[in-house]
Amino acid sequence: MKSNPSNEEDAVKRMLKEAGLESPSRDFTSNLMQMLAPEAKPKFIGQPVFNKNQVYFFTSLFGSFFLYALFSGSTYAIGPKLDLSKVGELTSSIQHLLSSPLLLAVLISGCSLYILDKWMNRAVHQA
Amino acid sequence: MKYLDDHVYIEKVLAGNVQAYALLVNKHKSLAFTVALRMVRNREDAEEITQDAFLKAYHALGEFKGDAKFSTWLYRIVYNSAVNKMRKNVLITESYNDHTDDDVNFGNQEEELKNFHAKERKLYIKEAIDKLEEEEAIIITLFYMEEMPTAAISEITGLTNANVRVKLHRARKKLQVFLQQRLNSELKEIM
């Protein structure tokens, strides 16, 4: 006697449902969450605005313009002329300030502390 | 417990609420574990695979695109991890085809059927599933227990849709043959 396929299907379905799913150990979720707890939230991976080639292109373009402007010796300007003598005054005053040993010591120790703090933070996160 | 849509939990996790992931884990852990267990046939390995799969899924949650179902994506990770584990262990599993009738000890069938209880029936069904090949066991589990369409199963296993249908049909037949042997009168009653 041939059995009805839909009945067979129903019977298999009923039997499998009856057998039920297997369960992992009781503390499965808590163990997993303990493993995740010290970690930071998953990183959101964003799409960069420019790709690598575009970044290289713009960097080299601006770089070449800058170098041309710096070394061409041309005094011709498209826009209003800039008075760069003020820049020179500012540079010499900074040089004067830096020549003070006390200020130089403060700057060096400040930078050292900043770098040390960054380094320690990274070491703590890696541990 | 009634669970919300997976995307609700995913958004919370991505916003920094790590605890929301526990709900996502509770929602899917049983089927994920069952899929792993059907493959490796060892509870410890299956638990390790399931745990690793959830960890991998957590770390890659930012890359998860909403166009696919989270469950399909997760079970694919579980399936692939189980395949890798099996390759490492070089497990030799018995398939139902390797069995002869002599392998099954029926004993006194009359007596056995008389004392049939739901618990025993459950054990027989699990035993029957274990007799199937790994892929067949997974396909039949996902199709009947999760009521997943064959297209989604094909996405998880990497098999073609037609192949999934063939394996599903074959698994159903094998289950019936095995259970008919084991539950003779019981099965007739159900059908």
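Biologist: Which residues of α1(B) are buried?
Modeller: This is a predicted model, in which local features need pLDDT of at least 70, side-chain atom pairs count only at pLDDT 80 or more, and totals for chains, interfaces and linings use all residues. Residues are numbered from 1 along each chain as its sequence is written, with chains lettered from A and ligands numbered from 1 in written order. In α1(B), a helix (a DSSP run of H or I, at least four residues), the buried residues (20 or more other C-beta atoms within 10 Å of their own, C-beta atoms being placed from the backbone) are Tyr9(B), Ile10(B) and Val13(B).

Biologist: Why do these residues lie on the same side of α1(B)?
Modeller: Tyr9(B), Ile10(B) and Val13(B) are the buried residues concerned. They share a side of α1(B) because the arc they cover around the axis, taken from the directions to their C-beta atoms, is only 100°.

Biologist: Which residue follows α1(B)?
Modeller: The phi of this residue is positive, near 110°. The residue after α1(B) is Gly16(B).

Biologist: Which element gives the largest share of the side of chain B that touches chain A?
Modeller: The contact (C-beta atoms, placed from the backbone, within 7 Å) takes 35 residues from chain B and 29 residues from chain A. Elements giving two or more residues to the side of chain B include α1, α3 (43–59) and α9 (161–190) of chain B. The largest share, ten residues, comes from α2(B).

Conventions. Contact = placed C-beta atoms within 7 Å. Buried ≥ 20, exposed ≤ 12 C-beta atoms within 10 Å, placed from the backbone.
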